[in-house]
Amino acid sequence: MDISLFDFELPEELIAQSPSSVRDECRLLVVDREHKTIEHKRFFDIVNYLKPGDVLVRNNTKVIPARLIGVKEATKGKVEVLLLKQLENDTWECLVGNAHSVRPGTICSFGNGELKCECVDVFPEGIRHMRFIYDGIFLEVLDKLGKMPLPPYIKTQCSNNDDYQTVYAKVPGSSAAPTAGFHFTKELFEKIQSMGIEVVDVTLNIGLGTFRPVKVTDTKDHVMHSETYEMSEEAANTLNKAKAEGRRIIAIGTTSVRTLESVYKKFGTFKADKDATCIFIQPGYEYKAVDCLITNFHLPKSTLVMLVSAFMGRHWTLHCYEEAVKERYRFFSFGDSMFIYGKYDYSKNDQD
């Protein structure tokens, strides 16, 4: 499909620069994809659309302060390194600014030399494999020297790093947050679980794909970068039971979607698994694992808009986005939320 089919007008002032002061008081666009209706609510109203037996699936990954600003030891020139994915031991795949000057053997230093890294391999588009050198525990050093890797459209650093974490973040390893989960509070989860709704954790470490725009004209030419995921046996059993009993599986965010759909596509069922996925969901894809979706509003022409379009149709997705713009919803990572539910005829996806 032509990438321009997923474009829409977005005033810059609607790009949220900070989170909602109270997480679950952000706005919520409730969309029935079967009957094509829209309602305007607050996020805490989501309990009115959930029912006993539902299973909420959340990505419990934790963002590491993966943005490092330092100098190249040989020249003292400034360097910025963004950690994307741990490869082995102390070697990481990184995105490096002004990467043309970072070659094998280049050593970068951060802080007062408390953390260093050496370039061990070079790849296109600013990707470098860097071996880190430090004393002590790596994540503790990173906590001290690193910054949260906020998306480029957010202009100021968070005053509190917890603003860029979900309240259920547990497993360190992501270079970006699963932002659909920002709207949940611990109290809201307690209320949801008291209603007889199950909550299941999976893990997908979010990496390079989050930072890369789609640069091709035709979506068939776009290559998704892989991200590692893990599903436990307990999670798989809970999900299989829900599926067998016809209960709804509700994904919190696109990263949960990619995990669920990757596992189900691989096995034809849910199964304990730890692997990498480069699944690219766009119109024409038929969801097998996910029944409902909680998600933020995404960038024009992004793979995430395509994922949502595959879930409820491209025309209807763009209509909902136009409605959100008209009603002044806040967009992207710190923005407002959508809840999409209802049955859907995937055979009509390309016309919808």
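Which residues are linked in a network of salt bridges? In this predicted model, the network consists of E198, K241, E245 and R247.

**E198 and R247**

E198 belongs to strand β12 (residues 198–204), while R247 sits in the loop between α3 (233–244) and β14 (249–252), so the contact ties together parts that are 49 residues apart in sequence. E198 is partly exposed, at 34% relative accessibility. R247 counts as buried because its value, 18%, falls under the 20% cut-off.

**K326 and E323**

A salt bridge also joins the side chains of K326 and E323, with an N to O distance of 3.4 Å. Both residues lie in helix α6 (residues 314–326); they are 3 residues apart, so about one helical turn separates them. K326 is exposed, with 57% relative accessibility, whereas E323 is buried, with a relative accessible area of 17%.

**D273 and K266**

The side chains of D273 and K266 form a further salt bridge. D273 is buried, at 11% relative accessible area, and K266 is partly exposed, at 41%.

| Salt bridge | N to O distance |
|---|---|
| D273 and K266 | 3.1 Å |
| K326 and E323 | 3.4 Å |

How values were computed:
Residues are numbered from 1 along each chain as its sequence is written. This is a predicted model: local features need pLDDT of at least 70, side-chain atom pairs count only at pLDDT 80 or more; totals for chains, interfaces and linings use all residues. Side-chain values use heavy atoms; hydrogens and water are left out. Helices (H or I, at least four residues) and strands (E, at least two) are DSSP runs, numbered from the N terminus. Buried means under 20% relative accessible area, exposed over 50%, partly exposed in between (1.4 Å probe, protein chains only). A salt bridge is a side-chain nitrogen of Lys or Arg within 4 Å of a carboxyl oxygen of Asp or Glu.
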